[in-house]
Amino acid sequence: MSAQQPPEDDFKAKLDAGLWWKLLRRALQKKRLLYPLVISAVLIAACDAAFAHVTRWVIDGVVREGASANFTGYIGAYLLVTILLCAGVWLFIQLAGGLAHRLGFDIRTEGFARLQELEFNFYDTRPVGWLITRLTSDCDRLARVIAWGILDIMWGCSFIALIAASLLYMNWKLGLVVLSVVPPLALVSRYFQTKLLHSSREIRKYNSQITAGFNESIAGVRTTKTLVREADNLAEFETVSLNMFQAAVRNARQSAVYYPVVFTLGSLAGGLALWRGGFYVNSGAMSLGTLVAFTNFATQLFHPINQLAQRFTEIQSAQAAGERVMGLLETEPQIRDSDAVRDAYADPAKAAALATERIHEVEFRHIDFAYATGGKILQDFNLKVQPGETIALVGPSGGGKSTIVSLVCRFYEPTGGEVLINGVDYRERPLHWLQSQLGSVLQTPHLFKGSVRDNIRYGRLEATDAEVEEAARLVNAHDFISALENGYDTAVGEGGSRLSTGQRQLVSFARALLARPSIFVMDEATSSIDTETEQLIQAGLQRVLEGRISFVIAHRLSTIRRADRILVIERGRIAECGTHEDLLRLRGHYYTLYTNQFSQDSVTATIAGEAPAGA
């Protein structure tokens with residue numbers, strides 16, 4: 001809970017018409033649903049307006065003809081309008097609901113696709129819960145507002161237009177008196193616009209922080225309990241929750257004032273109609289039926305205006321969600337193929353030739369790198385890795401080891417210099433081609449919900465069961481998998497929770513191997529497992545690394561004794577370079593690290609050329 005929250009986006013102070021036009025264009029793509037929805041809204045408005053006119057005809061007819069009036073015709077007119085109204089209501093419920101669900105589906109899918117494209121740097125400052133909010137509550141809210149908002153806005157505008165036309169047609173002077181309440185309504189709406197928008201954005205901001213807090217607290221529950229942080233976490237959560245509560249109360253108070261003002265102005269219109277219309281009826285300038293119609297219309301005028309006001313308030317509230325969702329959808333990946341690369345490899349022949357090319361050489365040439373939120377990590381870093389060579393990276397935390405590996409994988413790009421793959425700057429090759437040839441095993445292996453077989457096959461879905469089992473045998477994982485309740489079909493649980501850390505690590509090794517990578521990366525892959533599991537990994541490691549360029553970041557130096565080259569990385573530079581034996585003889589930083597992990601006798605034996613114990 002104590003992690004720093006990500007900075008909120010800078011929102012515009014006023015309603016952003018451009019934003020809503022972008023969202024409306026998404027709805028316009030659903031013409032099969034949108035056009036009938038608009039027609040149904042206009043139909044309902046016409047039926048609502050028609051009821052007052054039918055009532056006028058009935059009253060005037062009875063006044064003129066008494067009991068001999070044509071009641072059959074009036075009943076038929078009421079019945080026809082009622083049937084049309086019911087059909088319109090049924091139609092708009094079906095269409096608006098369908099439009100909302102389809103818009104939500106499209107936005108969620110596009111948002112998820114964009115999250116897959118974004119580089120690691122995007123996630124460095126954004127907690128998982130903060131992002132989940134964008135594609136769940138923000139997305140659903142936005143889809144509902146767009147779909148039902150289109151309906152109500154079309155109905156409200158059509159109904160107001162029909163009422164205004166009817167009032168002016170029946171008596172333009174009295175019509176202008178009734179319509180005089182519209183300008184005050186516009187001024188009231190304008191006043192509350194900024195107030196409601198600001199408080200609703202605060203609600204969405206604190207809701208995002210609460211979701212992020214939930215996610216972080218649940219993920220770190222073991223750490224919280226071991227450090228007895230429950231009370232402190234609760235206090236921090238209550239602070240954020242209180243902020244959201246206060247913003248929500250403020251928003252509710254503003255709405256509580258806004259709606260009664262609108263209702264009062266609407267009632268005023270009815271009062272004006274009765275006041276002035278009564279004089280007209282007494283003077284014979286207006287029929288009784290027309291006065292009743294005027295009163296009905298004046299009273300009804302409140303309903304579409306109130307409905308539009310509610311939708312306007314919802315749009316104000318949803319604009320924060322819209323800006324957040326569109327901000328995510330419009331976030332351009334900083335690491336992606338350039339237009340020149342896409343055009344070059346659009347040629348099928350060139351793309352087919354590249355697909356068969358394997359990575360056999362990696363070179364760092366005068367590399368500089370700095371994270372967006374920190375200082376420079378690498379400066380004028382140079383390294384050339386030959387085919388099949390295993391490079392081990394050791395050194396103090398923060399020295400740049402993981403950065404080097406991340407640059408190889410193009411999870412980040414250098415701020416200066418070039419990374420060459422097979423002699424070509426890797427920014428001149430498709431990103432997919434490079435990353436499809438990577439195999440990575442991290443310190444904390446992540447398994448996905450499903451079976452052991454599904455997880456091993458995750459990077460190569462077309463692999464056969466025999467290939468899956470062969471990969472498991474190569475990393476010495478087959479025996480423990482076979483001993484599980486359902487063997488390879490055993491469910492691993494969420495995040496691999498039903499397997500031990502060592503077992504998850506072995507499965508991740510098999511997964512990486514099955515993907516047939518040209519470059520293999522091990523980032524502290526054995527630092528959190530027991531000695532027995534490490535020995536199993538060591539036994540299969542040579543087969544995993546054989547014929548591949550490999551980068552190994554290791555805390556346990558026993559993992560890297562057979563590396564072709566060991567690089568000691570300090571402050572973004574290569575402080576020492578050589579084989580295991582060469583560096584021990586140098587008696588530098590590597591020698592110090594090694595003697596801290598192994599007995600002096602073992603080190604002496606190694607320097608003398610003898611096999612150390614346990615090697």
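**Reading the sheet**

Mentor: With the open sheet: four strands run in the order β2-β1-β4-β5, with antiparallel pairing. The edge strands are β2 (376-385) and β5 (424-425), and each pairs on one side only. Strands here are DSSP runs of E, at least two residues; helices are runs of H or I, at least four residues; both are numbered from the N terminus. Two strands pair if DSSP finds at least two bridges between them. The model is predicted: local features need pLDDT of at least 70, side-chain atom pairs count only at pLDDT 80 or more, and totals for chains, interfaces and linings use all residues. Residues are numbered from 1 along each chain as its sequence is written, and side-chain values use heavy atoms, leaving out hydrogens and water.

Trainee: Over how many bridges do β1 and β4 pair?

Mentor: Five, in the antiparallel sense; β1 covers residues 362-370 and β4 covers residues 416-421. Contact means heavy atoms within 4.5 Å.

Trainee: Why is β9 described as largely enclosed?

Mentor: Buried means under 20% relative accessible area, exposed over 50%, partly exposed in between, with a 1.4 Å probe and protein chains only. Five of the six residues of β9 (residues 565-570) are buried, so the rest of the structure largely encloses this strand. β9 pairs with β3 (residues 390-394) in the parallel sense over four bridges. With β10 (residues 573-578), β9 pairs in the antiparallel sense over five bridges. Two residues lie between the strands of that β9 and β10 hairpin, where R571 takes a positive phi near 55 degrees.

Trainee: How do I check the length of helix α19?

Mentor: The expected span is 1.5 Å times one less than the number of residues. For the 14 residues of α19 (501-514) that gives 20 Å, and the end C-alpha atoms are 20 Å apart, which agrees. Twelve of those 14 residues are buried, including F509 and L513. After α19 comes R516, with a positive phi near 55 degrees.

Trainee: Is S440 buried, partly exposed or exposed?

Mentor: Partly exposed, because its relative accessibility is 35%. S440 lies in strand β6 (residues 438-442). Beyond residues up to four places away in sequence, S440 touches A512 and V521.
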